[in-house]
Amino acid sequence: MAQGYFITGTDTEIGKTHSAVKLVQHLQAQGKRVLAMKPVASGCDILPDGSWHNDDVARLVAATGQTDLDLMNPYRFVPPVSPHIAARQAGVEIDLALIADHYQRLAAQADVVLVEGAGGWLAPLSDRYRMQELAQRLQLPVILVVGMRLGCINHALLTAQAIQAAGCQLAGWVANRVVPSQLAYADNLATLQQYLGEPLLELPFEG
């Protein structure tokens, strides 16, 4: 059975997919067969041929070469809103058991499976479940993506605290530079390292 990781972030639009792709490439360079999963994707387009397109899913597909999109992305919604709102509008109940089944099927085919959440750690999936409950159901260690910008220390430490309070392992974190120049970047990074420890993957700004 594959090793798996759940990728969450301090917020939305802080580079979870970008970080996941870099992690896929890093693991592939070690000779590992890596697959990815994006259980829930909002902000999808329906193409003229009736197929679906989501930028995050497309980037993961390009990195891993996966062809079974239904397996890697069982829930997809058109509105670019929180998953629980998009699901409610679509009349869909997100089923954690179904996601867990898809994960197990992917894990049987790979050395490592990276599962990318949507939004942040406590982003709701329904009236009952949040991303936290999904990570708990999958029993995966967590990689935290920190968008390096003003305010990131507070967001990162609150998220790390919530991950650990949920009984999940914080396996590592990514310092993703989301702005071209952050004042006192090195000092911010050192402070985060003091609290979050290692391992750390630093990613440069890519405008």
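The following legends describe close-up views of a predicted model.

Residues are numbered from 1 along each chain as its sequence is written, and side-chain values use heavy atoms, with hydrogens and water left out. Because the model is predicted, local features need a pLDDT of at least 70 and side-chain atom pairs count only at pLDDT 80 or more, whereas totals for chains, interfaces and linings use all residues.

View 1. Six strands form an open sheet in the order 2-7-1-8-9-10, with parallel pairing; strands are DSSP runs of E with at least two residues, helices are runs of H or I with at least four, and both are numbered from the N terminus. Two strands are taken as paired if DSSP finds at least two bridges between them. Strand 2 (34-37) and strand 10 are the edge strands, each pairing on one side only. On average, neighbouring strands of this sheet are turned by 20 degrees against each other, direction ignored. Helix 7 (residues 152-165) packs on the sheet and touches strand 1, strand 8 and strand 9, contact meaning heavy atoms within 4.5 Å. The direction of helix 7 makes about 170 degrees with that of strand 8; angles run from 0 to 180 degrees between N-to-C directions, and axes are lines fitted to C-alpha atoms, for helices over the stretch in contact.

**View 2. The pairing of strand 1 with strand 8.** Strand 1 (residues 3-9) and strand 8 (residues 142-148) run parallel and are joined by 4 bridges. Ile7 has Ile143 of strand 8 as its bridge partner.

**View 3. The packing of helix 1 against helix 2.** The axes of helix 1 and helix 2 lie 10 Å apart, and the two helices pack at an angle of about 10 degrees. Helix 1 and helix 2 are therefore roughly parallel to each other, a class that covers angles under 35 degrees, with over 145 counted as roughly antiparallel, 65 to 115 as roughly perpendicular and the rest as oblique. Helix 1 contributes Thr17, His18, Ala20, Val21, Val24 and Gln28 to the contact, and helix 2 contributes Asp56, Arg59, Leu60, Ala63 and Thr64. These contact residues divide into 5 nonpolar, 4 polar and 2 charged; Ala, Val, Leu, Ile, Met, Phe, Trp, Tyr, Cys and Pro count as nonpolar, Asp, Glu, Lys and Arg as charged, and the others, Gly among them, as polar.

**View 4. The largest pocket.** A pocket is an open set of points on a 1 Å grid over the protein atoms alone, with protein on both sides within 12 Å along at least five of seven lines, whereas a cavity is a set where a 1.4 Å probe fits but cannot get out; lining residues have an atom within 4 Å of a point. The volume of the largest pocket is about 720 Å³, a volume being the space filled by probe spheres set on the points, which are joined across faces, edges and corners. Of its 32 lining residues, Thr12, Glu13, Lys16, Thr17 and Asp56 lie nearest the centre. At least two lining residues come from each of helix 1 (16-28), strand 3 (40-41), helix 2 (55-64) and strand 9 (170-177). The lining comprises 11 nonpolar, 11 polar and 10 charged residues. Glu13 lies in the loop between strand 1 and helix 1 and, although not a glycine, has a positive phi of about 60 degrees.
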